[in-house]
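The following note sets out numbered points on the model shown below. Please read each point alongside the sequence and the structure.

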Amino acid sequence: MKIVVIGGTGMIGSKLIHKLTQETAHTIVPASPQYGINTVTGEGLDEVLEGAQVIVDVSNSPSIIDKEAIAFFEKSTINISAAARRAGVKHYVALSIVGADRLPDSDYLAAKYIQEELVCHSGIPHTILRSTQFFEFTDRIAMAATTGAEVHISPAPVQPIAADETVAALAEIAINAPQNKMIEVAGPVAMPMYELIRYYLDEIEDSRQLIQDHHALYFGTELTDQSLLPGPEARLGKIKYEDWFQKQTAV
C-alpha cells in the first residue's frame with residue numbers, strides 16, 4: 001500500500017514517516033515543498049498521489065495568526081481533494097485540533113475547521129484526527145503570550161499530549177479502514193493552561209512574570225472552560241507532561 005504523507009518534513013510528518021517506515025511494510029512517500037509539492041497551487045500533487053491508496057495530511061500554514069491560514073487550508077484542501085479523487089485514493093486522513101469547531105474568532109482554528117469540512121465533503125472516505133496541544137509547543141505558547149517581561153496565560157483547562165502519541169494514533173488510522181468521522185486524542189491529564197506554562201517556566205528558571213489572565217488570547221481568541229477539552233470518547237495517551245519534560249531535559 002502506498003501512503004503519502006503531506007507535510008512530511010514537519011515535526012509530526014517526520015515522526016509519522018519514521019514510524020510507518022520502521023513498523024510497516026507499506027510504501028511511505030513524503031510530499032512537501034522540499035520535494036516539489038505545492039498544495040496551494042497544486043503543483044506536483046497528481047504525480048505524488050499516483051498509485052496512492054492513503055493520504056495523511058499533516059501540513060500546516062506558514063501563518064497561524066491571520067486570514068492567510070484560512071486561504072492556505074482552503075486552497076490546499078481543495079487541491080488535495082481534487083488530486084486524490086483523480087488518483088482514486090481510498091482513505092483521506094487529516095490532522096486537526098480539538099476545539100477547532102468552537103473558536104470561530106481564531107482565524108487559525110477557523111481555518112482548521114474549514115479544512116475538516118472540506119475533507120468531510122470531498123467524496124473520499126476519510127478519518128479526521130483531532131489532537132490536543134502538543135507538549136513540544138509549550139515554549140511557543142509561552143512566547144506568543146509574552147509582552148515585555150510578562151506572560152499572560154488563560155486559566156482555561158487543556159489536556160496536552162506528547163506528539164509521539166498523536167503520531168501513533170495517526171499511524172494506526174492510516175493503515176486501517178476509513179471511519180468517516182472525527183476521532184479525538186488527548187493526554188492523560190487535564191490542567192489549567194496557566195499551570196502548564198508555570199511548570200515549564202519554573203523548570204527552565206525563566207525570569208518572566210507569569211500572569212493568570214482570563215482575557216489572554218490563544219490563537220487570537222479568548223478561551224472558556226470547554227474550549228480545548230476533548231469529549232468523553234477521546235483516546236487518551238499515557239505520558240504525563242512532567243515525565244515527558246524530565247526525559248527531554250535528561251537527554
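1. Cys 120 belongs to helix 4 (residues 107–120); helices here are DSSP runs of H or I with at least four residues, strands are runs of E with at least two, and both are numbered from the N terminus. With a relative accessible area of 29%, Cys 120 is partly exposed. From C-alpha to C-alpha, Cys 120 and Ala 94 are 10.0 Å apart in space and 26 residues apart in sequence.

2. A remark on the source is in order. The model is predicted, so that local features need pLDDT of at least 70 and side-chain atom pairs count only at pLDDT 80 or more, while totals for chains, interfaces and linings use all residues. Residues are numbered from 1 along each chain as its sequence is written, and side-chain values use heavy atoms, with hydrogens and water left out.

3. Seven strands form an open sheet in the order 2-1-3-4-5-9-12, with parallel pairing. Its edge strands are strand 2 (27–31) and strand 12 (235–236), each of which pairs on one side only. Two strands are taken to pair if DSSP finds at least two bridges between them. Strands of a sheet pair through backbone hydrogen bonds, either parallel or antiparallel.

4. Strand 3 (residues 54–57) has Val 54 and Val 56 pointing one way and Ile 55 and Asp 57 the other way, and all are buried. Strand 1 (residues 2–6) pairs with strand 3 in the parallel sense over four bridges, and Val 4 stands opposite Ile 55. Strand 3 also runs parallel to strand 4 (residues 91–97), to which four bridges join it; here Val 56 stands opposite Val 93.

5. Further along the seven-strand order, strand 5 (residues 126–131) and strand 9 (residues 182–186) are paired in the parallel sense by four bridges. In this pairing Ser 131 stands opposite Val 185 of strand 9.

6. An open sheet of three strands has the order 6-7-11 and mixed pairing. Strand 6 (146–147) and strand 11 (209–212) each have a single partner strand, so one side of each is left without a neighbour in the sheet. Strand 6 and strand 7 (residues 150–153) run antiparallel and are joined by two bridges, with Val 151 in strand 7 as the bridge partner of Thr 146.

7. How many salt bridges does a search of the whole structure find? The search finds twelve, where a salt bridge is a side-chain nitrogen of Lys or Arg within 4 Å of a carboxyl oxygen of Asp or Glu. Asp 101, Arg 102, Glu 116, Arg 130 and Glu 184 are linked in a network of salt bridges.

8. Lys 19 and Glu 23 form a salt bridge in which the closest N and O atoms are 3.1 Å apart. The two residues are separated by about one helical turn because they lie four residues apart in helix 1 (residues 11–23). Lys 19 is partly exposed at 24% relative accessible area, whereas Glu 23 is exposed at 57%.

9. Asp 46 and Arg 86 meet through their side chains in a salt bridge (3.0 Å, N to O). Asp 46 lies in helix 2 (residues 45–49) and Arg 86 in helix 3, so the pair ties together parts that are 40 residues apart in sequence. Asp 46 is partly exposed, at 39% relative accessible area, and Arg 86 counts as exposed at 58%.

10. Helix 3 (residues 68–87) also holds Lys 75, which is partly exposed with a relative accessible area of 45%. The C-alpha atoms of Lys 75 and Thr 41 are separated by 7.7 Å, although the residues are 34 apart along the chain.

11. The side chains of Arg 198 and Asp 202 form a salt bridge (3.1 Å, N to O). Both are in helix 7 (residues 193–203), where being four residues apart separates them by about one helical turn. Arg 198 is partly exposed at 32% relative accessible area, and Asp 202 is partly exposed at 47%.

Definitions and conventions: Buried means under 20% relative accessible area, exposed over 50%, partly exposed in between (1.4 Å probe, protein chains only).
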